[in-house]
Amino acid sequence: MMTEIGAPSSENDGLRAQHYDEAKSQGLLMVRIDPKKIRATRFKNRDDRSLLLHDPAFIKLTKSLAAHGQETPIRVRPVKGTPPFEFEIVSGHRRHAACLALDASSNKGFSVVAIVDAAAEEARDLVLKMYRENADREDLSPYETGMMFRGWLEAKLFPTHEAISVATGQSKQNVGRYIALACLPSYVLAAFGDPRRLSLRWSSELAGATSSSEPELKALAEDLAKRKPAPSPEAVFAELIGSAPQRKSRAGRSSESVKDGRNVLFHLSARDGRYGVRLGKQIDSRLRKQLRHDLKEWLRAWLMQRAPPGPSQ
């Protein structure tokens with residue numbers, strides 16, 4: 001059923017050789033497997049639309065695999081007592097689906113290059129490995145990330161938003177935003193046509209609009225879903241938010257986290273001309289006095305250059 005892949009030597013197999021060496025150094029096995037013997041995990045973080053034959057990204061991936069072979073292996077873990085499946089995906093659901101499609105359309109079959117990771121036995125270890133791979137590739141949409149985090153909570157792999165924040169390096173605020181996208185009513189998601197088009201920055205406003213004017217918003221969303229041609233995601237968002245009464249407590253307010261890798265350096269918030277900076281937990285408190293001085297001097301020079309006071313001021 002499977003055979004170990006020897007260390008590649010062709011220049012065209014450079015990426016695969018790198019993965020082979022990495023797997024070997026970790027004591028893992030890199031193999032070719034019949035894709036029909038691999039099942040998806042119930043924790044898969046891909047929206048089903050990403051695995052459809054007519055999805056543009058899926059088509060592009062399938063054509064690349066057919067033309068150049070599979071350069072990046074998927075990661076699987078062994079399973080028992082679930083014939084015909086002998087492995088479960090740890091990461092690489094879309095690559096597996098593409099290989100499965102190519103296998104079905106080829107007389108010779110099309111095997112999957114995979115790293116067998118028996119260490120991913122625990123569900124929590126599995127989902128974190130899956131998350132890290134996608135985070136490194138920045139490949140998941142905000143909606144898919146939200147569905148993934150929501151699934152973790154529902155499966156009780158993590159008890160709170162804060163626990164997910166600690167495990168992933170995401171801010172607690174962003175974890176909440178991702179999950180809020182995944183919890184939007186189906187009629188709101190349908191208005192966008194494809195929820196993968198949703199922007200994370202829309203999360204709070206859409207959730208607020210849903211809670212403040214549900215009957216009116218539902219009627220508008222259903223109308224937007226029927227329009228031909230379909231409006232852009234930005235246009236859909238603008239109409240949905242424009243139809244909801246504005247809450248003064250949130251008006252004109254925005255915030256963001258600035259990171260160095262996975263570490264939050266500071267949080268920046270702005271509201272009605274007022275700005276706030278909150279340092280990350282790992283920043284030494286002794287830097288605050290110097291930072292205040294430097295910020296004051298920088299802001300003074302910045303404003304003098306761009307918005308100097310008039311003669312009467």
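## The loop at Pro 84

In this predicted model, Pro 84 lies in the loop between strand E4 (74-82) and strand E5 (85-91), where helices (H or I, at least four residues) and strands (E, at least two) are DSSP runs, numbered from the N terminus. A cis peptide bond, with omega about 5 degrees, joins Pro 83 and Pro 84. Most residues other than glycine have a negative phi, and most peptide bonds are trans.

Residues are numbered from 1 along each chain as its sequence is written. Because the model is predicted, local features need pLDDT of at least 70 and side-chain atom pairs count only at pLDDT 80 or more, while totals for chains, interfaces and linings use all residues, and side-chain values use heavy atoms, with hydrogens and water left out.

## Other backbone features

Lys 156, in the loop between H5 and H6, has a phi near 60 degrees, which is a positive value in a residue other than glycine. With a relative accessible area of 72%, Lys 156 is exposed; here buried means under 20% relative accessible area, exposed over 50%, and partly exposed in between (1.4 Å probe, protein chains only). Just after H6, Gly 169 also takes a positive phi, of about 85 degrees.

## Helix H6 and its two partners

The axes of helix H5 (residues 142-154) and helix H6 (residues 161-168) come within 10 Å and cross at roughly 120 degrees; such axes are lines fitted to C-alpha atoms, for helices over the stretch in contact, and the angles run from 0 to 180 degrees between N-to-C directions. That angle makes H5 oblique to H6, because angles under 35 degrees count as roughly parallel, over 145 as roughly antiparallel, 65 to 115 as roughly perpendicular and the rest as oblique. The crossing of H5 and H6 is right-handed, a crossing being left-handed if the near helix is turned anticlockwise from the far one by less than a right angle, and right-handed if clockwise. Phe 149, Trp 152 and Leu 153 of H5 make the contact with His 161, Ile 164 and Thr 168 of H6, where contact means heavy atoms within 4.5 Å. By class, this contact of H5 with H6 has four nonpolar, two polar and no charged residues, given that Ala, Val, Leu, Ile, Met, Phe, Trp, Tyr, Cys and Pro count as nonpolar, Asp, Glu, Lys and Arg as charged, and the others, Gly among them, as polar.

H6 also packs with H7, at an angle of about 115 degrees and with the axes 8 Å apart, and the two helices are therefore roughly perpendicular to each other. In this pair, too, the crossing is right-handed. On the H6 side, His 161, Glu 162, Ile 164 and Ser 165 meet Lys 172, Val 175, Gly 176 and Ile 179 in H7, and by class the contact has three nonpolar, three polar and two charged residues. The buried residues of H6 are Ala 163, Ile 164, Ser 165 and Thr 168.

## The nonpolar cores

In soluble globular proteins, nonpolar side chains tend to be buried together. A nonpolar core is a set of buried Ala, Val, Leu, Ile, Met, Phe, Trp, Tyr and Cys residues joined through side-chain atoms within 4.5 Å. The largest one in this model has 39 residues, and those with the most contacts inside it are Phe 149, Trp 152, Phe 192, Leu 206 and Leu 240. Several helices, including H4 (123-137), H5, H6 and H7 (172-182), each supply at least two residues of this core, and H4 gives the most, with five residues.

Not counting residues up to four places away in sequence, Phe 192 touches Arg 197, Leu 198, Trp 202, Leu 206, Pro 233, Val 236, Phe 237 and Leu 240.

Thr 62, in helix H2 (residues 56-68), counts as buried at 15% relative accessibility. Leaving aside its neighbours within four places in sequence, Thr 62 is in contact with Ala 98 and Leu 102.

Leu 220 lies in helix H10 and, at 17% relative accessibility, counts as buried. With neighbours within four places in sequence left aside, the contacts of Leu 220 are Arg 227, Glu 239, Leu 240 and Ser 243. Leu 220 and Ser 243 are 23 residues apart in sequence, and 8.2 Å apart in space, C-alpha to C-alpha.
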